[in-house]
Amino acid sequence: MSTAHLKFIALGVLGLALVWAGRALLPSGTDRPTADFRLPAVARDSVDTIAVAAPLETVTVARAQGVWTVNGFAASSTAVEELFAALRDTVQPELVARSATSFTRLGVDTGAARRLTVRAQGRDVLDLLVSERGTGAGGAYVRLPTDSAVYAWTGNLAPVVRRRPDDWRNRVVGAVTPDSIRRVDVARGARTYSLRRVDGPWSFAGGAPVDSAAVARLVNGFRTVNAGSFPTRAQLDSAFRGRPERRVTLFGAPPADTALLTLEFDSTAGGFWVRRAGDTTVYRL
């Protein structure tokens, strides 16, 4: 057999191998990576829990009596809404593989992927494996746990599912309309003072004048108090060991003299721990 014939046979075998490999990765009878894969419609008001299980952490977002929590803490309504918006994204998925041998390479094997489970009215309505990395900054590879088909998925689902537990938490420590504040009591260690506003400008409780611009900045700071982060378990154990270093109480208009908000502060190396009086949740400012 001549060298030319051997080359011809070798090329033929290579071509058949490539065809076989391509058909193994695509659905039967398909010659291009298109798919009809869609996420099911999920009604927000019917959802009981949303779980994102990763190898080293699990996020559980639950709804009870219309209130959302994440791992037992108050959840951010914005974060929850962003997940439902991501599930409603109109995305054209691309079928990239249909073989279990691709799971590890694409990051959708059960040991590496994040598993998103949505449960509504006592049953699972969505069960999806989402890779830690995708084809782009916001993309991911996804697959159903019971299917070998793997899809490239764009949209906002991947960055939402990859959030850490603290990223789901509500960071609003407190919010008070400045115009509703009529009195501010401040305690800094043994020192205390009180600012009042009745019918005119702000003054100290004894009647001494104050810097009106400074007081305006103070009360405006309580319009929305947002936390920068949350303490770790070790940091939480050391916070508020004794009497709070500082305490601020905002009151509304008399005669009720209602306490609108009371915050307690404990210093850290780079800021303050803060909590609402009577609440065990600690935030970092």
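Student: How do the residues lining the second largest pocket divide into nonpolar, polar and charged?

Tutor: Eleven are nonpolar, one is polar and two are charged. Ala, Val, Leu, Ile, Met, Phe, Trp, Tyr, Cys and Pro count as nonpolar, Asp, Glu, Lys and Arg as charged, and the others, Gly among them, as polar. This is a predicted model: local features need pLDDT of at least 70, side-chain atom pairs count only at pLDDT 80 or more, and totals for chains, interfaces and linings use all residues. Numbering starts from 1 along each chain as its sequence is written, and side-chain values use heavy atoms, without hydrogens and water.

Student: Which residues are closest to the centre of the second largest pocket?

Tutor: Of its 14 lining residues, they are Leu218, Phe222, Arg246, Val248 and Phe265.

Student: Why are E15 and E16 called paired?

Tutor: Two strands pair if DSSP finds at least two bridges between them. Six bridges join E15 (residues 246–251) to E16 (residues 259–267), so they pair. They run antiparallel, and Phe251 stands opposite Ala259 in E16.

Student: What makes E16 and E17 a pair?

Tutor: Five bridges link E16 to E17 (residues 272–276), also in the antiparallel sense. Phe265 stands opposite Val274 in E17. A hairpin joins E16 to E17 through four residues.

Notes
Helix = DSSP H or I, 4+ residues; strand = E, 2+ residues; numbered from the N terminus. 1 Å grid on protein atoms, 1.4 Å probe; cavity = no way out; pocket = protein on both sides within 12 Å on 5 of 7 lines; lining within 4 Å.
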